[in-house]
Amino acid sequence: MSKELIRLQDLTMEFDGERILDSINLYINDHEFLTLLGPSGCGKTTTLRIIGGFLNPTSGTVTFDGETINDVPPYKRQINTVFQRYALFPHLNVFDNIAFGLRVAKLPREEVTERVNRMLEVVSLKGYGHRHINSLSGGQQQRVAIARALVNEPKVLLLDEPLGALDLRLRKDMQIELKRIQQAMGITFVYVTHDQEEALSMSDTVVVMDKGRIQQIGRPEDIYNEPKNAFVADFIGESNILDGVMLSDYKVRFFGRTFQCVDKGFAPNESVDVVIRPEDIDIVAPEEGHLVGVVTGVTFKGLNYDIIVEFKGFKWLIQTTDFHGEGSTIGIRLNPEDIHIMHKSEYSGMFGDYSSYSAEYDELTEDAEDEEE
Amino acid sequence: MKKNKSVLLSAPYILWMLAFTLIPLGVVGYYALTDPETHVFSLGNLKELGMYLPVLGQSAMYSLVSALICLLLGYPVAYYIAHRGPVAQKILYMLVMLPMCMSFLLRTLAWVGLLQDTGIINNILEAIGIGRLQLIRTPGAVILGMVYNYLPYMILPLYATLVKLDHRLIEAAEDLGCTPAKTFVKVILPLSVPGIFSGITMVFVPAVSTFYISQKLGGTDTVLIGDLIERLFKQGDNPNLGAALSLVLMLLVFICTGIMNGFGADEEGGVIV
């Protein structure tokens, strides 16, 4: 794409003997929109804070434009941050908040006024300059926080779950807005989120993290279509993950049946994880199916139904636009490109079984993640 | 029903206030506005107050200087405590409170022991060859006594404000290019204004009406308004004039707290929400 701007090399972070980051190696290109994605406690915010200069890594180096910046304090870095829950200055109004960085840099008064006003327009807050911070809605505060960082025209903008406190609708609007600003201003964005949809729809590059380690780096499509392990497959979208055996190139066996697939390069008879996305499964009449199962649960999701289907004691999630009632018997067909093969990993067997699935469960975990850090 | 209950619950306090605050206040008012000899209504006492204006001014001056010294000494302490771990914070907070557990009179007497002409400090100064100095019965000693006694009242509200200060605001300031010194001036100090005002009030109000400190540590020229009131009641035997002086002092305190609250309130909204 373009030249490398930031490089994290063998980054390790320990708090009280607990390893928060484990040999992180990552480079970020100029003008890139890179997202650090993972569940709470995966180390994504810690990584961001190290780039911002608020934390010093236990070991490893951070380089910026070819120079090591480990010991450079935050105020000397050409990096600005949009903080989780904004951290706007409550003693200043909207204008003064946005002007803060420019005034610290001792820019002439006219230039400050001009740049702040321009920025107010960019974030659609024209005329709000004299408003008190506390009189603004969450979405407006959010935009002030973005403006306050962007007005300094930093090389890199760090965003720590900036949309976490907003409701769904506003979040969608802001996602589009942020992407637009990023492209218009040509600034490198490093974005932290636990929301996989947000990550996939906005980013050039997604970095999936868990337990302080990078699990996979790639374009959104690659992350979704070719997850590297069961964790990534489960965290990014929904996945049915089954035990299988790779018989030879393009041939995988699971549930006592051999399927054609598009993967190769595995050892003969290597046991593997097989990922099948719920939206890829075709439902057919039982007599035409590769596999035959019984529907044990149906949830209406608006766009589709989530149905849980039991095959030989293992429950799958299937997304379908056609209604299939509980207790009905259905057949499914799997095309070769619907079957993704992964090497076994430490995450094998932990994800992808929907035996305990319920829609409620999903929401509960999401709430818990909102409480992060 | 509910209303009756709340009246019933607040009754003891209301009675207490009535018996020991409002009625005595009325008595003070009565004395202040009656003639000492004839006991009829008169503004004579208030007219006489003019001659005590210098004392009033001196009291206000001493208290203000003490409050400012308390601020300079207390702010770093409060800041330090607010930035320790939770356990250390509790211990340090207790240490600040500790002197307040001991009698105010004892604490002041202890300073007499330290400062007097044959006191511990002077003995040491003598021993190391500097010679004895006039420490006690000086304005400095009075201010020292005030600062020493009221310093906790400055530290506690400052601590309460600083501990609430969102650390991310400091990070935000650094992120936007502030050196630590600039962060202090542009963010931390403005946001601690409510604590500063409430600390100054908390020190100023008791200091302006104190009489014990100036009597024990001060000299003949450091008579404060509190001493004067005490003297008028006890020795001068003119309770009417003393009452009038008390009223004026009360007014002064009301005005001061009013001004301080006004300043604080503007900023407060920004801190709490």
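**Conventions.** I number residues from 1 along each chain as its sequence is written, with chains lettered from A and ligands numbered from 1 in the order in which they are written. As this is a predicted model, local features need pLDDT of at least 70 and side-chain atom pairs count only at pLDDT 80 or more, while totals for chains, interfaces and linings use all residues.

**Confidence.** I noted an ipTM of 0.79 and a pTM of 0.80 for the model. Where pLDDT is low, the predicted coordinates should not be read in detail.

**Chain A.** I read off nine helices and 20 strands, where helices (H or I, at least four residues) and strands (E, at least two) are DSSP runs numbered from the N terminus. The domain assignment, automatic or from a database, gives domain 1 (4-224) and domain 2 (238-370), and the C-alpha centres of these two domains lie 37 Å apart. Along the principal axes, the C-alpha atoms of chain A fill a box of roughly 80 × 40 × 40 Å. Of the 373 residues in chain A, 40% are buried, that is, have 20 or more other C-beta atoms within 10 Å of their own C-beta, placed from the backbone.

**Helix H7 of chain B.** I compared the 37 Å between the end C-alpha atoms of H7(B) (residues 139-164) with the 38 Å that its 26 residues should span at 1.5 Å a residue, and the two agree; the expected span is 1.5 Å times one less than the number of residues. I also found a kink of about 50° at B:Tyr150, shortly before the proline B:Pro152, the bend being the angle between axes fitted to the seven residues ending there and the seven starting there. Since 19 of the 26 residues of H7(B) are buried, the helix is largely enclosed by the rest of the structure.

**Where the chains touch.** I found 19 residues from chain B and 18 residues from chain A in the contact. On the side of chain B, helices H8 (167-175), H9 (180-191) and H13 (239-272) each give two or more residues, and H8(B) gives the most, with six.

Terms used: A residue is buried if 20 or more other C-beta atoms lie within 10 Å of its own, exposed if 12 or fewer, and partly exposed in between; C-beta atoms are placed from the backbone. Two residues are in contact if their C-beta atoms, placed from the backbone, lie within 7 Å.
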